[in-house]
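Okay, thanks for making time, everyone.

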Amino acid sequence: MAGFSYRTEARDGRARTGAITTPRGEIRTPAFMPVGTAATVKAMLPGSVRETGADILLGNTYHLMLRPTAERIAALGGLHRFMNWDRPILTDSGGFQVMSLASLRKLTERGVTFKSHIDGSKHEITPERSMEIQALLGSDIVMCFDECPALPADRSRIAESMELSMRWARRSKEAFGDRPGHALFGIQQGGLEQDLRQQSAQALREIGFDGYAVGGLAVGEGQEAMFDCLDYAPEQLPEDKPRYLMGVGKPDDIVGAVARGIDMMDCVLPSRSGRTGQAFTRHGVVNIRNARHQDDPRPLDEACGCPACRNYSRAYLHHVTRSKEIIGSMLMTWHNLRYYQDLMAEMRAAIAAGTFRSWQNDFHAGRAQGDIDPL
């Protein structure tokens, strides 16, 4: 399609690095997408998110359709203008949030009717309505409407859900239409069943999409089961298109996913953890609220270039976090997002240099050391 393309620049094992080209800019892969649920990455200005190294954000169709509504955003110039972000935006389909947040859901072949978790108002999302909402938002990458059952689930339930999602994928493609400069991604389902994943991948290939997501993981199955699935699922999808693992995750989840051929990921974890005082560092997770930090003049992570680490001590971050000052959420979120983007940059460089395996070993060894000793 015009204005959207993907290229692989280097491989190291199954890990690969490259770029997705869009009219609003290039997305370096592997890429981590900060989550801007309600047209904002919480506690961050858009320019600050960009400074962390992010090339693309994720917006949530379900939340935006309920408040302030997709129609209002469209009338105000689209999501990019509305939230002052001029780089690419990917929007999810709304399916996962309907299943996880809405009450009194009713699932039919047509779509899903549900009551809003905000005010109890009744709504319906169908594949056609999801495409309409995402078009009103103006997102650069649009996700098909699908159903994602929580795991564990029995095989018959997973198969039924996957087959419904494939029918919805075809309807999504038809409703998406011809939108030059915008891309539509299909979503592979099938739980942890390899043959069902293969059936899903084949159905998506026959429909044809600009990119492909591995859906239905990080929903309670555990890391070992997720990695077992990723040992085969990405390779069932077209090699010449980007592969997106939805809703992942922790740093070691991300590294393991990239090692298995994933190009894109998203998760609320770095921003949500930042707001609760958890920091991701090269030596593992630090809880800045712990008393051991209250007199510590050292930076959170001496190797990090974010404002929290350059300009403030652990003692200060401990104080503003424990005091629930807004700057605490801002600085901790900025740090976590920078850590995630630095992680992606390091992986891109290691893959390009052919040293990804040794980089992985160093990454795991560093995290195993644990935090620096207290003073």
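So, A43 sits in the loop between β4 (31-36) and α1 (46-51); helices here are DSSP runs of H or I with at least four residues, strands are E runs of at least two, and both are numbered from the N terminus. The phi of A43 is near 75 degrees, which is a positive value in a residue other than glycine.

Quick housekeeping. This is a predicted model, where local features need pLDDT of at least 70 and side-chain atom pairs count only at pLDDT 80 or more, while totals for chains, interfaces and linings use all residues. Residues are numbered from 1 along each chain as its sequence is written, and side-chain values use heavy atoms, with hydrogens and water left out.

The R67 to P68 peptide bond is cis, with omega near 15 degrees, and P68 is in the loop between α2 (61-66) and α3 (70-75). There's also a cis bond from V248 to G249, omega near -10 degrees. You'll find G249 in the loop between β13 (243-245) and α10.

That takes us to helix packing. Axes are lines fitted to C-alpha atoms, for helices over the stretch in contact, and angles run from 0 to 180 degrees between N-to-C directions. Under 35 degrees counts as roughly parallel, over 145 as roughly antiparallel, 65 to 115 as roughly perpendicular, and the rest as oblique.

How do α9 and α10 cross? Their axes come within 10 Å at roughly 15 degrees, so the two are roughly parallel. Q223, M226, F227 and L230 of α9 meet D252, D253, G256 and A257 of α10, where contact means heavy atoms within 4.5 Å. That contact splits into four nonpolar, two polar and two charged residues. For the classes, Ala, Val, Leu, Ile, Met, Phe, Trp, Tyr, Cys and Pro are nonpolar, Asp, Glu, Lys and Arg are charged, and the others, Gly among them, are polar.

Now α10 (251-259) against α15 (356-369): the axes come within 12 Å and cross at roughly 165 degrees, so this pair is roughly antiparallel. On the α10 side we have P251, D252, V255, V258 and A259, meeting F356, W359, Q360, F363, H364 and R367 of α15.

α15 also packs on α14, at about 150 degrees with the axes 8 Å apart, which makes them roughly antiparallel too. Y339, L343, E346, M347, A350 and I351 of α14 touch F356, W359, F363 and R367 of α15. By class, that's eight nonpolar, no polar and two charged.

Last topic, pockets. On a 1 Å grid over the protein atoms alone, a pocket is an open set of points where a 1.4 Å probe fits, with protein on both sides within 12 Å along at least five of seven lines, and lining residues have an atom within 4 Å of a point. The largest pocket holds about 990 Å³, with volume being the space filled by probe spheres set on the points, which are joined across faces, edges and corners. Which of its 45 lining residues are closest to the centre? F96, G247, D266, C267 and V268. The lining has 18 nonpolar, 18 polar and nine charged residues.

The second largest pocket comes in at about 330 Å³. Among its 15 lining residues, R282, D301, Y339, E346 and F363 are closest to the centre, and α14 (326-353) and α15 are the elements giving two or more residues to that lining.
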